[in-house]
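Welcome! Take a moment to look at the sequence and the 3D structure below, and then let us walk through them together.

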Amino acid sequence: MSIISVRPSKARPSNRRRVRVPLVLAAACSAAAALALAPTAQAVTPLTATATYNCGAWGSGLATLTAADSGTAKTIKVTSTAITMPAGTSADPNSITTTLKLTKTSGGVTSQVQFSGKTNPGMSGGSPITLGPLKLTSGTLTAGDRTDSVVLPTPPSATNWSLQIVASSPTSATVPCVATTNQSAPFTW
């Protein structure tokens with residue numbers, strides 16, 4: 001009987017360490033490039049402001065406007081416990097188209113911008129309004145621009161409005177509202 005001798009083979013040096021460093025470095029560079037190209041969120045000051053609105057049959061009173069700037073979208077959300085859906089009416093989620101007009105001041109020049117959207121929770125008669133966030137849809141806003149409510153005389157009408165609420169399901173209604181006061185503080189974008 002012959003004995004075969006088996007010698008353990010020498011382990012080859014692993015290339016894992018050599019491959020790992022470039023991969024980690026490439027991943028870090030990719031992440032840094034993505035962050036550098038991503039728009040940065042801008043601070044809006046103040047984040048919230050209040051103004052008084054007259055919305056006819058839907059009520060009158062204080063509304064809170066909450067502003068945000070993600071870097072890709074400028075938005076405003078409108079909430080109010082004084083302005084409510086009338087008794088016997090309701091709105092399905094995301095069935096109300098809302099448009100908000102604001103006065104814009106930029107470098108001493110005054111113009112208007114509009115925020116609009118179809119974002120709302122389900123609401124029924126007596127529910128306080130929660131509308132938005134509404135996106136900037138008309139005009140532009142750059143750093144340092146200021147916006148404030150568009151104050152108009154009452155009563156609100158189809159051609160005289162600062163805030164327009166158009167409910168479509170299941171209740172159909174177009175509700176013009178006028179701001180009766182400026183915001184407690186203008187937004188600076």
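The paragraphs that follow go from the overall picture to strands, rings and charges.

Before we start, please keep in mind that this is a predicted model, in which local features need pLDDT of at least 70, side-chain atom pairs count only at pLDDT 80 or more, and totals for chains, interfaces and linings use all residues. Residues are numbered from 1 along each chain as its sequence is written, and side-chain values use heavy atoms, with hydrogens and water left out.

Let us begin with the whole protein. Its secondary structure consists of 1 helix and 12 strands; here helices (H or I, at least four residues) and strands (E, at least two) are DSSP runs, numbered from the N terminus. If you read along the sequence, the pattern is α-β-β-β-β-β-β-β-β-β-β-β-β. Of the 189 residues in the protein, 34% are buried. Buried means under 20% relative accessible area, exposed means over 50%, and partly exposed is in between (1.4 Å probe, protein chains only). The accessible surface comes to about 10800 Å², and 58% of it belongs to carbon and sulfur atoms. Such areas come from the Shrake-Rupley method with a 1.4 Å probe, and for residues only the protein chains shown count as cover. What about contacts, meaning heavy atoms within 4.5 Å? Among the contacts with a separation of 6 or more, 65% are between residues 24 or more positions apart.

Now turn to the strands. Two strands pair if DSSP finds at least two bridges between them. Strand β2 (residues 60-69) and strand β3 (residues 74-84) run antiparallel and are joined by 6 bridges.

Next, look at β5 and β6. These strands run antiparallel, with 9 bridges joining them, and Leu 102 has Val 113 in β6 as its bridge partner. Their hairpin has 2 residues between the strands, and in it Gly 107 takes a positive phi near 60°. Strand β6 pairs with β8 as well, in the antiparallel sense over 3 bridges. There you will see Ser 116 standing opposite Lys 135 in β8.

Ser 127 lies in the loop between β7 (123-124) and β8, and with 17% relative accessibility it counts as buried. Which residues does Ser 127 touch, not counting residues up to four places away in sequence? They are Ile 83, Thr 84 and Met 85. The C-alpha atoms of Ser 127 and Met 85 are separated by 5.7 Å, while these two residues are 42 residues apart along the chain.

Let us move to the rings. A search of the whole structure finds 2 aromatic pairs. Rings of Phe, Tyr and Trp (its six-membered ring) pair if their centres lie within 6.5 Å; planes under 30 degrees apart count as stacked, over 60 as edge-to-face and the rest as tilted. Phe 115 and Trp 189 form a stacked pair, at 5.9 Å centre to centre with 20° between the planes. This pair links distant parts of the chain, 74 residues apart: Phe 115 is in strand β6 (residues 109-117), and Trp 189 is in the segment after β12 (187-188). Phe 187 and Trp 189 form an edge-to-face pair, at 6.2 Å centre to centre with 65° between the planes. Together, these ring pairs link Phe 115, Phe 187 and Trp 189 into a cluster. Are these residues buried or exposed? Phe 115 is buried at a relative accessible area of 0%, Trp 189 is buried at 5%, and Phe 187 is buried at 0%.

Finally, consider the charges. A salt bridge is a side-chain nitrogen of Lys or Arg within 4 Å of a carboxyl oxygen of Asp or Glu, and a search of the whole structure finds 2 of them. Asp 145 and Lys 104 meet in another (3.8 Å, N to O). Asp 145 lies in the loop between β8 and β9 (146-149) and Lys 104 in strand β5 (residues 96-106), so this pair ties together parts that are 41 residues apart in sequence.

Note on methods
Contact means heavy atoms within 4.5 Å.
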